[in-house]
Amino acid sequence: MDLFKTLQQFKNIEPDKGFTRRSRNLILNRGNTFSANISRVLFGSLETGAAVALVGLLMLIILGGASHIKILEPLQITAIDPSSIRAEAEAIDIQIQLTGLNYEESAVSESTLPSAEPRSSAAAAPVAEENEKEALSIDEALKILAE
Amino acid sequence: MKKIFIPIIAGLLISAASGGNVAVAQQDAACELSREKFAEISGAQNDLAPDSTGRIREELRVRKSLLREVVDCATKELSSLKSDFEKIKSGSQEARALQAQFSPWFSETLNYYALQKSAINDLGLQGSKDFARNVHAWRGGNFRPTSKTILQFAVWAQNQEFVQIAQNRLNQVKRAIDVFGLGINEEIREGSRAAEIELQKALALNRQAKEIIRTYGDSDEAGKATKYSLEFLASTYQKILELAEKINKAIVR
């Protein structure tokens, strides 16, 4: 009998109020704790990475000097590449030749203008016959029309 | 760029050598001033008695017709020159400024020819001869020298690209000397100085050529300055090449 009564009293057992509150708080804050942990891990990795990078940079400066940073070299090596310099030099040489040819052609065109002066000698006859087939320049035509 | 410029210069050259048979050959068939056509003047003179009104009228008709043809040819010649001139596209601001300076000359000259052509109808026999003499003199004093200057301008404008490339190249080489810490090498420092001296000579002559062109000075002088400027540019490259070899040796060491 006494045992039966005792067993029935078990239904009225309740946890301590302080324990209930603490347990509830722990369960509800579980998500926040997880994200806080991720941030901590990430921050930690960044710290480590930055430290490694700084050490690397310091080693470069100590061992090779700032002017020998390999990342700058390809650009500078291209600048002193003899084949690209030679290619630019050749382009200039071609331009000099072209300019020279232009002047020569211009000079020849002017110096070989057939004279519009009348030819009186007999030797001029074949030349005149040949010229009859040729076209006149604008200035030659104007000279003839002015006479 | 060069591919664009070469035909332009060739075109300008043909026009600038104006008066030459090359120019005539380039004009279209309608613009061919054959000697046969001009022989018609003497034909008209011989057909009738020297003092007859008919002879004078016929000679005048032939002369006026030929004058119209010549002025049309001159207009076509100018239009062709204008078309080539407008194809010049330079990245240099100075070249663009010069191009803007020369541009109005084309419209002024076209107006001149239009005005001259409109006056032909009213000419008498002696007037037609004076007209031809005046147009010929005008071309000698205006058209020919200006078109020569424009040819020099085309060559000069083309060279600006080469000048710019050479300047950039020397600057890059100088930066490389700094980056590799070779400024302390006496041989390299001296090589850099020598290349700079050659480049400065090229730049001075380039400026001189531009000034002659801008002021419509002696186009032969402008041509010489342009040519020498290019030659100094070539010797700049020779110095840069020697310098680059010295730098490469120093880096390997």
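First, some housekeeping: residues are numbered from 1 along each chain as its sequence is written, while chains are lettered from A and ligands numbered from 1 in the order in which they are written. Since this is a prediction, local features need pLDDT of at least 70 and side-chain atom pairs count only at pLDDT 80 or more, whereas totals for chains, interfaces and linings use all residues.

Let's start with chain B. What does chain B contain? Eight helices and one strand, where helices (H or I, at least four residues) and strands (E, at least two) are DSSP runs numbered from the N terminus. From the N terminus on, the order is α-α-β-α-α-α-α-α-α. Of the 253 residues in chain B, 38% are buried, and buried means that 20 or more other C-beta atoms, placed from the backbone, lie within 10 Å of the residue's own.

Now to helix pairs. Two packed helices are described by the angle between their axes and the distance between the axes. Axes are lines fitted to C-alpha atoms, for helices over the stretch in contact, and angles run from 0 to 180 degrees between N-to-C directions.

In chain B, helix 5 (residues 93–119) packs on helix 6 (residues 125–179) at about 155°, with axes 11 Å apart. That makes helix 5 of chain B roughly antiparallel to helix 6 of chain B, a label for angles over 145 degrees. Residues that meet here include B:F102 and B:W105 from helix 5 of chain B, and B:F143 and B:F153 from helix 6 of chain B. By class, this contact has nine nonpolar, four polar and no charged residues.

Next come helix 7 (residues 186–214) and helix 8 (residues 219–252) of chain B, whose axes come within 8 Å and cross at roughly 165°. This angle makes helix 7 of chain B roughly antiparallel to helix 8 of chain B. Their contact has 18 nonpolar, eight polar and seven charged residues.

Over to chain A. Its mean pLDDT, the predictor's confidence in each residue from 0 to 100, is 72, and 62% of its residues reach 70 or more.

Notes:
Angles under 35 degrees count as roughly parallel, over 145 as roughly antiparallel, 65 to 115 as roughly perpendicular and the rest as oblique. Two residues are in contact if their C-beta atoms, placed from the backbone, lie within 7 Å. Ala, Val, Leu, Ile, Met, Phe, Trp, Tyr, Cys and Pro count as nonpolar, Asp, Glu, Lys and Arg as charged, and the others, Gly among them, as polar. A residue is buried if 20 or more other C-beta atoms lie within 10 Å of its own, exposed if 12 or fewer, and partly exposed in between; C-beta atoms are placed from the backbone.
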